[in-house]
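Please keep the viewer open as you go.

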Amino acid sequence: AVGARTELRVDFTVQGAVITSNITERYLAEVAGRPLDTRFVRQPCPRNELDRAPTRIAGDAPRYAVEAAKQGVRGSVAVYFYIDEKGEVRMPAVQSGPHPYLMEIAVDAMKSWKFEPPTSHGRPVLVAAAQTFDFDGGNR
């Protein structure tokens, strides 16, 4: 048997489709010329199709250490994430930030948040969201 090699390149962005698909299955479907099973491809619901904006019902603000404030660790951190059909935060991530410590505490805080499940036409849906935290040195 002769082995074949192929280069695998993955481009990922937090603000796009959430895809839970087997890449091998996708490749084989394309090679075989048959349609890909899209049951596991999920698209976030557009904001203009939501019944109302998501409302946070649980979770704490980031714990900003007094020592970090004293050392001048300040700035804003935008966390991008998804809210699933159960109101759970999924895939919180930061593209960049003023300091690794601030990025870490912002993402850690988001992991504890819970929302009322977002709905569109009365049905629970997946949505993309963002939350900005401002660390100005006076917050704890």
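Two strands count as paired if DSSP finds at least two bridges between them. Helices (H or I, at least four residues) and strands (E, at least two) are DSSP runs, numbered from the N terminus. With that in hand, Tyr 80 stands opposite Ala 93 in β5.

This is a predicted model, in which local features need pLDDT of at least 70 and side-chain atom pairs count only at pLDDT 80 or more, while totals for chains, interfaces and linings use all residues. Residues are numbered from 1 along each chain as its sequence is written, and side-chain values use heavy atoms, with hydrogens and water left out.

**The chain as a whole**
- Three helices and nine strands make up the secondary structure of the protein chain, in the order β-α-β-β-α-β-β-α-β-β-β-β along the sequence.
- Of its 140 residues, 26% count as buried (buried means under 20% relative accessible area, exposed over 50%, partly exposed in between, with a 1.4 Å probe and protein chains only).
- Among contacts (heavy atoms within 4.5 Å) with a separation of 6 or more, 76% come from residues 24 or more positions apart.
- The protein chain exposes about 9,800 Å², and carbon and sulfur atoms supply 50% of that area (Shrake-Rupley method with a 1.4 Å probe; for residues, only the protein chains shown count as cover).

**Strand β4 and its partners**
- β4 runs antiparallel to β9, and nine bridges join the two.
- One of the pairs here links Ile 83 to its bridge partner in β9, Val 127.
- β4 also runs antiparallel to β5, through four bridges.
- β4 and β5 form a hairpin with five residues between them, and Gly 87 in the turn has a positive phi of about 85°.

**Helix α3**
- Helix α3 covers residues 100–111, and its end C-alpha atoms are 17 Å apart, which agrees with the 16 Å that its twelve residues should span at 1.5 Å a residue (the expected span is 1.5 Å times one less than the number of residues).
- Leu 102, Ile 105, Ala 106, Val 107, Ala 109 and Met 110 are buried in α3.
- The buried residues of α3 pack against β4 (75–83), β5 (89–94) and β9 (127–135).

**Pro 124**
- Pro 124 lies in strand β8, which spans residues 123–124, and is partly exposed, with a relative accessible area of 48%.
- Leaving aside residues up to four places away in sequence, Pro 124 touches Glu 85, Pro 118 and Thr 119.
- Asp 51 is 73 residues from Pro 124 along the chain, and their C-alpha atoms are separated by 9.9 Å.
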